[in-house]
Amino acid sequence: MPLTKEDIHRALEDITLPDGGTLISRDMIRALGIAGGDVRFVIEAPTAEVAKMMEPLRKAAEAAVARLPGAGTVQVSLTAPAPGGMGTKAKSPPSLKIGGHAKPQEDGQRVKGVARILAIGSGKGGVGKSTVSSNLAVALARQGRKVGLLDADIYGPSQPRMMGVNKRPASPDGKTIIPLKAHGVTMMSIGLMLAEDKAVVWRGPMLMGALQQMLGQVEWGELDVLLVDLPPGTGDVQLTLCTKTELTGAVVVSTPQDVALLDARKALDMFASLKTPVLGLIENMSTFTCPHCGGESHPFGQGGVASEAERLGLPYLGALPLDLDTRIAGDGGTPIAAGEGPVADAFGALAKRLIDGGMA
């Protein structure tokens, strides 16, 4: 019999909280996903302070599910909601004005409280840039960094789904936006302020105004690094971010295939034209390991990004595999970097490389 959510709920009912309730009776389970016996879910504590004391309970929950017949790998993460909204009624956040133009501002402005800003870009869509952004953010947070994630892909925001959050951000004064937290990462996305199936049909000035709000009006707090998940291509969002914000630099994601590299070169040229340092290249979907025979293949070619980095004299930050579990984890709202295993280790190594290099 395959493992079901009901089986997992029954196992978690046996874990008692200090107040006598259980994880199920207190409705603390989020983003529960099952794939071929492998289980991932998030325990949402009422506050960040409580979450810090719940590590023994997280381990107990992981062990209880792992004992179930048919259970494979079990990965459990801890999170807590963003502050604000408890005890006093929170005001709605300011709306991003459709048709509104960006306000005049000086070039190269800093974001309050943020030490470094890294733009994660690509020349084209479909290379896994958003997946890399979310997992890299989680991997950096697991290594003790204070991390923010801004989903600047305004036409196709995917970070709310990948990070497992769907609450509308609150505002204490109708002006400041309180971001959400997930997996140790502070995050903001236009997707949190619109229905999931609602299209954004905006011209360039509207995009620039929205980006300006999400950088300047969001209460990011004190961050070591803010990752900005850019839309694909070389358009208005990239131009606004690179010219109006003080960026530490950019990281370009590509697959090894020639077609992807053609567009990645355009992204690299754009960053050079806008005088934004490129801190390195990441090769995504580099290898695929067959889950049946264990054989390794290279469906998009091999080593193309490493060769391009060497040709241009840029740092090669590493390769990430093409992996079914990564896709399942992203769809389920718990990035694979939040758990354990070879892919999580690959993101961990990438995060360490950025930290050691002073980039994050």
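Where does Asp27 lie? Asp27 sits in the loop between α1 (5-12) and β1, where helices (H or I, at least four residues) and strands (E, at least two) are DSSP runs, numbered from the N terminus. This is a predicted model, in which local features need pLDDT of at least 70 and side-chain atom pairs count only at pLDDT 80 or more, while totals for chains, interfaces and linings use all residues. Residues are numbered from 1 along each chain as its sequence is written, and side-chain values use heavy atoms, with hydrogens and water left out.

**Backbone with positive phi**

- Most residues other than glycine have a negative phi.
- Asp27 has a phi near 55°, a positive value in a residue other than glycine.
- Asp27 counts as exposed because its relative accessibility is 52%; with a 1.4 Å probe and protein chains only, exposed means over 50%, buried under 20%, and partly exposed in between.
- Met285, also not a glycine, has a positive phi of about 55°.
- Met285 belongs to the loop between β10 (278-283) and β11 (288-289), and it is buried, with a relative accessible area of 14%.

**The three-stranded sheet**

- Three strands make an open sheet in the order β1-β2-β3, with mixed pairing; two strands pair if DSSP finds at least two bridges between them.
- The edge strands, each pairing on one side only, are β1 (29-35) and β3 (74-79).
- From one strand to the next, the twist averages 10°.
- Strand β2 (residues 38-44) runs parallel to β3, and six bridges join them.
- Opposite Ile43 stands Leu78 in β3.
- Helix α3 (residues 55-66) lies across β2 and β3, running at about 155° to β3; axes are lines fitted to C-alpha atoms, for helices over the stretch in contact, and angles run from 0 to 180 degrees between N-to-C directions.

**Nonpolar cores**

- In soluble globular proteins, nonpolar side chains tend to be buried together.
- The largest nonpolar core here has 77 residues, and those with the most contacts inside it are Leu150, Met188, Trp220 and Leu226; such a core is a set of buried Ala, Val, Leu, Ile, Met, Phe, Trp, Tyr and Cys residues joined through side-chain atoms within 4.5 Å.
- Helix α4 (residues 129-142) gives the most to this core, with seven residues.
- Apart from this core lies another, of 25 residues, among them Leu12, Leu32, Ala45 and Val65.
- Setting aside neighbours within four places in sequence, Leu150 is in contact (heavy atoms within 4.5 Å) with residues including Met188, Leu211, Trp220, Leu226 and Asp229.

**Packing of α8 and α9**

- Helix α8 (residues 258-273) packs against helix α9 (residues 304-312) at an angle of about 35°, with the axes 11 Å apart.
- Leu261, Arg265 and Leu268 of α8 make the contact with Gly304, Val305, Glu308, Arg311 and Leu312 of α9.

**Around Ile336**

- Ile336 is found in the loop between α10 (324-332) and α11 (342-356), and with a relative accessible area of 5% it is buried.
- From C-alpha to C-alpha, Ile336 and Val138 are 8.9 Å apart in space, yet 198 residues apart in sequence.
- Leaving aside neighbours within four places in sequence, the contacts of Ile336 include Arg40, Gln75, Asn135, Asp323 and Phe347.
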